[in-house]
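Work through the exercises below with the structure in view. Each task is followed by a solution in steps.

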Amino acid sequence: MESCCFEPQWPADELLMKYQYISDFFIALAYFSIPLELIYFVKKSAVFPYRWVLVQFGAFIVLCGATHLINLWTFTMHTRTVEIVMTIAKGMTAAVSCATALMLVHIIPDLLSVKTRELFLKNKAAELDREMGLIRTQEETGRHVRMLTHEIRSTLDRHTILRTTLVELGRTLALEECALWMPTRTGLELQLSYTLRQQNPVGYTVPIQLPVINKVFSSNRAVKISPNCPVARLRPLAGKYIPGEVVAVRVPLLHLSNFQINDWPELSTKRYALMVLMLPSDSARQWHVHELELVEVVADQVAVALSHAAILEESMRARDLLIEQNFALDRARREAETAISARNDFLAVMNHEMRIPMHAIIALSSLLQETELTPEQRLMVETILKSSNLLATLINDVLDLSRLEDGSLKLDLGTFNVHAIFKEVLNLIKPIASVKKLLLTLNLAPDLPEYAIGDEKRLMQTILNVVGNAVKFTKEGSISITAFVTKSESLRDSRASDFYPMPSDNHFYLRVQVKDSGSGINPQDVPKLFTKFAQTQSSATRNSGGSGLGLAICKRFVNLMEGQIWIESEGLGKGCTAIFIVKLGIPEHSNESKHSFMPKGPPSRGQTTFPGVKVLVMDDNGVSRMVTRGLLVHLRCNVTAVSSSDECLRVVSQDHKVVFMDVLMPDGFEVAVRIREKFTNCHERPFIVALTGNTDKLTKETCMRVGLDGVILKPISVEKMRTVLSNIVEHRRLFEVM
């Protein structure tokens, strides 16, 4: 029997080749697309843990795809069975590869949304833990910094600050050793000043120019240094051990070069201290970033605290120096005040004690002068009087100068007659000038006010001194006195460079010029004229005598009156001109006169004697009492002399015209008050006049306060007593007679 066999119909060989071509192309296309999808997955899944596996898998697939791509150009003819098997295999591979590539397109987004999110959250949680740990570390560091800052800021003592810093750093960072190197005074070395464990002797020094020191000083950060460098050898070498890590940081120091109170201190060239910190040895511990930051912050805080301490130390040093200087100044001031007070007390006592014998000499000499004397005797008496008056003037000058220098002399301002002062000076000087046959002239400008406000006594004393000097140093010729109101344009004078007048409607400047034809002055001696006790070296000056105080006192009086004084001379033998300017006030009523002061010169018309005038004299000094009584008896007064206050109060009656009393007696002022109380009717009360050798202002003010009618300064001549009695009897007015 013929068997029937069915054979499948396969494509022809050429068609099988085309199928293999198509299958290889799609296999290569699928293989190349899968790595692209994996790259996309890896890129989107940033936290995928096995990226290197995917990279290997991607490389494998790419290579497989490349193999199939190469097969397109390397086909060879095989047996039909082989070709059929290859065609089927490649077709199935192409289908599976394309299906896998298409499936990955849908699967990858799902993988990214599930596994990737979980891994992302885990990674984020781990990162958050690390950040929280860092924050906790920073908070801990900040807490330690605050604690340490509080500790070092709680004191301003430099040693306490540095010692506390080392202790707190050692405790906070668990250090094996911590040390501070301070610059020496020379600035050329660093000295080991403080250590935590005190294993090294304090005082050890190293050169400041070491490279490791320069490296640390040039950086504002903590710098790791070798444990074997000189500044890091903080513990003695004993046995074998591995030193811990060492860091060093600079500490800026405030160096005050010109500290002043209430001002910012000046900084000199920057200087640094060196802080060295060592971790425990034989351990694997290393410095962490937050620990280094802590060290840097602490170094800055220590620098601030040290700067405050330095400023405090300098301010305390300046305060102590100021206190010491103030104490020395106060001691010097008290000593000066004591010396001035002792000098014034001495001068006051000497003034009073010297005036009592001077009173006797002048009074008795003036009494003797009015008796019948031979020419030779009269010359002797006149010489005694002249010398005594000169001595009295010298006493006045010394007292005035003393009060001027200690500032106790004040101007006694009041309204006075300006013209009368110049005429009075002229009357006083004329007798002396006539003896020397000198022509004395007075020129008062028409616009010179008749009345002014000022110190009449000091102005008259100044004019008398200047004119008296002119008469003294002029042997022959003339002396002219000129007074006028200086105009505003001529107030400033090149020879008075330190004089700054201020014109106004309430005052004027009086200019007085005294020109003489005397011996003149050497120009180089002019500056010496206003120095106390100074005299020029010319023979005329030496022969004329004098104390050298007159012009010195005049200059001080003029300065008190806000003026200026100077002298002009072309040289010896050519005369000189003394010029001074003083400031005087203008009274509200130009016709107002000063009636509280009597004229200082002798009266032109008045009684020469006073017969029947009852006078009471109270003085506890027997010589002074006898002399005063003699003057009054010579003037034909009816005199009663007593030596005590009780006797005075018992004897005084309304019949007495005048009571002369020494107010410097123990109860002198009290007697004056009781006399005024005894006679309530002012017309029945006697005229009470103080006799005193004390010229201070307090005595005069006390006399005015207790109600005395006048003050007479010893010594007293017959002429002065005659003037006093004339004013009392004829005008019933008196206050002060010098």
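**Exercise 1.** Describe how helix 9 and helix 11 pack, and state which residues make the contact.

Step 1. Helix 9 covers residues 456-472 and helix 11 covers residues 550-560; helices here are DSSP runs (H or I, at least four residues) and strands are runs of E (at least two), numbered from the N terminus. The model is predicted: local features need pLDDT of at least 70, side-chain atom pairs count only at pLDDT 80 or more, and totals for chains, interfaces and linings use all residues. Residues are numbered from 1 along each chain as its sequence is written, and side-chain values use heavy atoms, with hydrogens and water left out.

Step 2. The angle between the two helices is about 145°, and their axes are 10 Å apart. Axes are lines fitted to C-alpha atoms, for helices over the stretch in contact, and angles run from 0 to 180 degrees between N-to-C directions.

Step 3. Helix 9 passes helix 11 in a left-handed crossing (the near helix is turned anticlockwise from the far one by less than a right angle; clockwise is right-handed).

Step 4. Helix 9 contributes Arg458, Gln461, Thr462, Asn465, Val466 and Asn469, while helix 11 contributes Gly550, Leu551, Cys554, Phe557 and Val558. Contact means heavy atoms within 4.5 Å.

**Exercise 2.** At what angle do helix 8 and helix 9 pack, and which residues of each make the contact?

Step 1. Helix 8 and helix 9 pack at about 30°, with axes 10 Å apart. They are therefore roughly parallel to each other (angles under 35 degrees; over 145 is roughly antiparallel, 65 to 115 roughly perpendicular and the rest oblique).

Step 2. The crossing of helix 8 past helix 9 is right-handed.

Step 3. From helix 8 come Ile421, Phe422, Glu424, Val425, Leu428, Ile429, Ile432 and Ala433; from helix 9 come Glu456, Leu459, Met460, Ile463, Leu464, Val467, Gly468 and Val471.

**Exercise 3.** Which residues touch the most other members of the largest nonpolar core?

Step 1. A nonpolar core is a set of buried Ala, Val, Leu, Ile, Met, Phe, Trp, Tyr and Cys residues joined through side-chain atoms within 4.5 Å. Buried means under 20% relative accessible area, exposed over 50%, and partly exposed in between (1.4 Å probe, protein chains only).

Step 2. The largest core has 44 residues, and Leu459, Leu510 and Phe580 touch the most other members. Among the elements that each supply at least two residues of this core are helix 8, helix 9, helix 11 and strand 11 (507-516).

Step 3. Not counting residues up to four places away in sequence, Leu459 touches Phe416, Ile421, Leu510, Met561, Phe580, Val582 and Leu584.

**Exercise 4.** Where is Ser624, and is Ser624 buried or exposed?

Step 1. Ser624 lies in helix 12 (residues 622-634). Its relative accessible area is 1%, so Ser624 is buried.

Step 2. Apart from neighbours within four places in sequence, its contacts are Ile356, His359, Asp619 and Lys714.

**Exercise 5.** Examine the backbone at Pro715, Lys437 and Glu562.

Step 1. Most residues other than glycine have a negative phi, and most peptide bonds are trans.

Step 2. Lys714 and Pro715 are joined by a cis peptide bond, with omega about 0°. Pro715 sits in the loop between strand 18 (710-713) and helix 16 (718-731).

Step 3. Lys437 has a positive phi, near 60°, and is exposed at 73% relative accessibility. Glu562 also has a positive phi, about 55°, and counts as partly exposed at 46%.
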